Amino acid sequence: MPLHDLQKDFVKYMHDKDVVLPDTFAGPDDDPNVLAFTALFDRKNISVHNRFEVYRNNLYNSLIDVLFSVYPLVGALVGEDFMRHMSREYVRRHLPNTGNLNEYGGDFPAFIGHFETARSLPYLPDVARYEWLKNKSYYAKDDQPLDPSLLQDLDDDEQEKLVLVPRHSLFLLRSDWPVLKISDFCKSQISEAESAKDRRLDISGGGDRMMIYRPGLEV
């Protein structure tokens, strides 16, 4: 089997848990392509289907852990169980397309916006966008700030044609919700005199306009 076909089949069977990979000799209804694929794996004491199930669980749990690390505020707002359920649905529909897991999860805010059981939290997608931009800013490639002295000798024609480019770690976010206020609320400690159920946050005060950037090693 060509390597390219093997890789495509591997992804397909990782992604589709309803496909049962056979472990016996070919029967009248067995797909010869599936049999050729499973023949490449040592069966021994565990079925190929069960081997893939173990690998699939490890894959999903690893990607879910990535989402938990990138979106801690979202997890704090919805709770661990709901976050894990939502993350699993996201992973099922959005496998990574690069080998760099720091780039994984960029579509999660949009996914949350269309996730039916999260519709009661209309501010949640913007909180997720805020967290994703912080992640992008942190991992943005290093660059050098503009030296103002480079501008002092420009003539009028050169100034008219000048284009200033933002640094790689700089992003703008506009939200109709008080995202920073929500963030501070999630990070604040619960005092001994109150319980989590007693805490309330007024989010009716308008939205935020934010510039997210990394001047040094901190976003």
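Biologist: Which residues of H3 are buried?
Modeller: The model is predicted. Buried here means under 20% relative accessible area. In H3, the buried residues are Val48, His49, Phe52, Arg56, Tyr60, Leu63, Ile64, Val66, Leu67 and Val70.

Biologist: What covers the buried residues of H3?
Modeller: Several helices take part, H1 and H5 among them. The cover includes H1, H2 (32–38), H4 (72–78), H5, H6 and H7 (124–139).

Biologist: How far apart are the end C-alpha atoms of H3, and what should its residues span?
Modeller: H3 has 23 residues.

Biologist: Which residues of H1 meet H3, and how does the contact divide into nonpolar, polar and charged?
Modeller: On the H1 side are Phe10, Tyr13, Met14 and His15. They meet Phe52, Tyr55, Arg56, Leu59 and Tyr60 in H3. The residues of this contact divide into 7 nonpolar, 1 polar and 1 charged.

Biologist: How many aromatic pairs are in the whole structure, and what is the pair of Phe10 and Phe52?
Modeller: The search finds 11 aromatic pairs. The ring centres of Phe10 and Phe52 are 5.2 Å apart. Planes under 30 degrees apart would be stacked, and over 60 edge-to-face. Theirs are at 50°, so the pair is tilted.

Biologist: How many residues apart in sequence are the parts that Phe10 and Phe52 tie together?
Modeller: Phe10 lies in H1 (residues 3–15). Phe52 lies in H3 (residues 48–70). The pair therefore ties together parts whose separation in sequence is 42 residues.

Biologist: Are Phe10 and Phe52 buried or partly exposed?
Modeller: Phe10 has a relative accessible area of 26%, so it is partly exposed. Phe52 has 5% relative accessibility, so Phe52 counts as buried.

Biologist: What is the aromatic pair of Tyr90 and Tyr104, and which parts of the chain does it link?
Modeller: The pair is tilted, at 5.8 Å centre to centre and 55° between the planes. Tyr90 counts as buried at 2%, and Tyr104 also counts as buried, at 5%. The linked parts are distant, with the two residues 14 apart. They are H5 (residues 80–93) and the loop between H5 and H6 (108–114).

Biologist: Which residues do ring pairs link into a cluster?
Modeller: Tyr90 and Tyr104 belong to it. The cluster is Tyr71, Phe82, Tyr90, Tyr104, Phe108, Phe111 and Phe115.

Biologist: How are H7 and H9 arranged, and how does their contact divide into nonpolar, polar and charged?
Modeller: The axes of H7 and H9 (residues 179–187) come within 10 Å and cross at roughly 85°. That angle makes H7 roughly perpendicular to H9. Asp126, Val127, Tyr130 and Lys134 in H7 meet Val179, Leu180, Ile182, Ser183 and Lys187 in H9. The contact divides into 5 nonpolar, 1 polar and 3 charged.

Biologist: Is Ser137 buried or exposed, and which residues does Ser137 touch?
Modeller: Ser137 is in H7. Its relative accessible area is 0%, so Ser137 is buried. Not counting residues up to four places away in sequence, Ser137 touches Ser169, Phe171, Ile212, Tyr213, Arg214 and Val219.

Technical notes. Residues are numbered from 1 along each chain as its sequence is written. This is a predicted model: local features need pLDDT of at least 70, side-chain atom pairs count only at pLDDT 80 or more; totals for chains, interfaces and linings use all residues. Side-chain values use heavy atoms; hydrogens and water are left out. Rings of Phe, Tyr and Trp (its six-membered ring) pair if their centres lie within 6.5 Å; planes under 30 degrees apart count as stacked, over 60 as edge-to-face and the rest as tilted. Helices (H or I, at least four residues) and strands (E, at least two) are DSSP runs, numbered from the N terminus. Buried means under 20% relative accessible area, exposed over 50%, partly exposed in between (1.4 Å probe, protein chains only). The expected span of a helix is 1.5 Å times one less than its number of residues. Contact means heavy atoms within 4.5 Å. Ala, Val, Leu, Ile, Met, Phe, Trp, Tyr, Cys and Pro count as nonpolar, Asp, Glu, Lys and Arg as charged, and the others, Gly among them, as polar. Axes are lines fitted to C-alpha atoms, for helices over the stretch in contact, and angles run from 0 to 180 degrees between N-to-C directions. Angles under 35 degrees count as roughly parallel, over 145 as roughly antiparallel, 65 to 115 as roughly perpendicular and the rest as oblique.
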